[in-house]
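Thanks for coming. Please keep the structure open while I speak.

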Amino acid sequence: MADPESAFDPDEAAAERSAEGAVSNHDRDAASSHPPPASLLPERDLAVERDRVRSFVADRVDAAGADGVVVNMSGGLDSTVTAALAVEAVGADRVYGLILPCNKVGAPHARDAEALAEALGIDHDTVHLQPLFAQFGAVAPDRFDLHDEPVRSGNAVARLRMAVAYLAANATNRLVCGTANRSELLLGYLTKHGDGAGDLFPLGHLYKTDVRALAAELDVPEFVVEKPPTAGFLPGQRDADDLGAPYAVVDPVLHLGVDRGLDPESVVQRIEAAVADRNADDGANADTADAGNEAGEPAAVDRELVADLLGRHRATAHKRLPPPTPEADVK
């Protein structure tokens, strides 16, 4: 039964997934992951986390003397959970959603975002950025051509989206509510001054697997939870392909290697031991478990993957810190 305070009504027609954009069976299998062993990630009381984030958003808005928040909505998990918690924190009338598609790949996600904004009862606008992006590419120096450069063009689009978000925030005296989670922040898996910008990150302390669990607590529509995480710039692109593993594998590695400071070899050993214990408890077939699976069994982790993920964390420290300045000589 839905929480009566939930920003979502699970029976709301606007939140239903259209047949045109239905999640395929393949994507559903890839998106649904077995949770990592309980010993690998901190246990969270989802009701407590829900209240904590709501209070955080409300307090930040109040402290800034702002009239509400702006959320860039992609139709994906993080932005939907962020928008839902913002509605619970400050009210639907103080949350404004921006839907900013820029190509055909993003069109179905934009329609999802529109339906979700309707279900949340928030004011929202859809702005198609392709003309702006095309003009941006036309005036940029030729040496910085964006044609067939997915990383370069993707970063440019992310920054254009944030420019529109801050335009809305400036015009309405609101804060830009970023949607990044802890997994993305620790890996630098976001665009500096793009989706890595914002006035607050309500989900910044939660790993992607935590956000997925919190979505169920919030009655987020199932089709959103089942979506394979993607940046949405290229057909078929998935976060798991970029990172080398699904978040069910990535998050325990980050927790053990970053939060707890273990070296790669120790991370591998801890995960292997925890998975072996779980398989023994579940009576799972060891050969199948060791092979891993498309759904994201943590057993697939190896030292090379762990070293790569922790290397990403170190290399992207600049995305999590303010720009460096010379030390002030003040006396």
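I start with a cut-off: a residue counts as buried under 20% relative accessible area, as exposed over 50%, and as partly exposed in between. Please also keep in mind that this is a predicted model.

Now to a residue that needs that cut-off. Asp 51 sits in helix α2, which runs over residues 46-64. Is Asp 51 buried, partly exposed or exposed? Its relative accessibility is 38%, so Asp 51 counts as partly exposed. From Asp 51 to Glu 88 there are 37 residues in sequence, and the C-alpha atoms of the two are 9.3 Å apart in space.

Let me stay with α2 and bring in its partner. Helix α8, residues 208-217, packs with α2 at an angle of about 90 degrees, and the two axes are 10 Å apart. Angles of 65 to 115 degrees count as roughly perpendicular, and α2 and α8 are therefore roughly perpendicular to each other. On the α2 side the contact is made by Leu 46, Ala 47 and Arg 50, and on the α8 side by Ala 213, Leu 214 and Glu 217. Sorted by class, this contact of α2 with α8 has four nonpolar residues, two charged and no polar ones.

Helix α8 also meets α3. The axes of α3 and α8 come within 10 Å and cross at roughly 55 degrees. That angle makes α3 oblique to α8. The crossing of α3 and α8 is left-handed. Which residues meet here? From α3 they are Leu 77, Asp 78, Val 81 and Leu 85, and from α8 they are Lys 208, Val 211, Arg 212, Leu 214 and Ala 215. By class, the contact of α3 with α8 has six nonpolar and three charged residues, with no polar ones. Leu 214 of α8 is listed in the contact with α2 and also in the contact with α3.

Next, α4. Helix α4 covers residues 107-120, which is 14 residues, and at 1.5 Å a residue it should span 20 Å. Just after α4 comes Gly 121, which has a positive phi of about 75 degrees.

Another helix pair is α5 and α6. Helix α5 is residues 130-139 and helix α6 is residues 150-172; they pack at an angle of about 120 degrees, with axes 11 Å apart. That makes α5 oblique to α6, and the crossing of the two is right-handed. Leu 132, Phe 133 and Phe 136 of α5 make the contact with Ser 153, Ala 156, Val 157 and Leu 160 of α6. These residues divide into six nonpolar, one polar and no charged.

Leaving aside neighbours within four places in sequence, His 313 is in contact with Leu 186, Val 258 and Arg 320.

That is the end of my part.

Note on methods. Residues are numbered from 1 along each chain as its sequence is written. This is a predicted model: local features need pLDDT of at least 70, side-chain atom pairs count only at pLDDT 80 or more; totals for chains, interfaces and linings use all residues. Side-chain values use heavy atoms; hydrogens and water are left out. Helices (H or I, at least four residues) and strands (E, at least two) are DSSP runs, numbered from the N terminus. The expected span of a helix is 1.5 Å times one less than its number of residues. Buried means under 20% relative accessible area, exposed over 50%, partly exposed in between (1.4 Å probe, protein chains only). Axes are lines fitted to C-alpha atoms, for helices over the stretch in contact, and angles run from 0 to 180 degrees between N-to-C directions. Angles under 35 degrees count as roughly parallel, over 145 as roughly antiparallel, 65 to 115 as roughly perpendicular and the rest as oblique. Contact means heavy atoms within 4.5 Å. Ala, Val, Leu, Ile, Met, Phe, Trp, Tyr, Cys and Pro count as nonpolar, Asp, Glu, Lys and Arg as charged, and the others, Gly among them, as polar. A crossing is left-handed if the near helix is turned anticlockwise from the far one by less than a right angle, and right-handed if clockwise.
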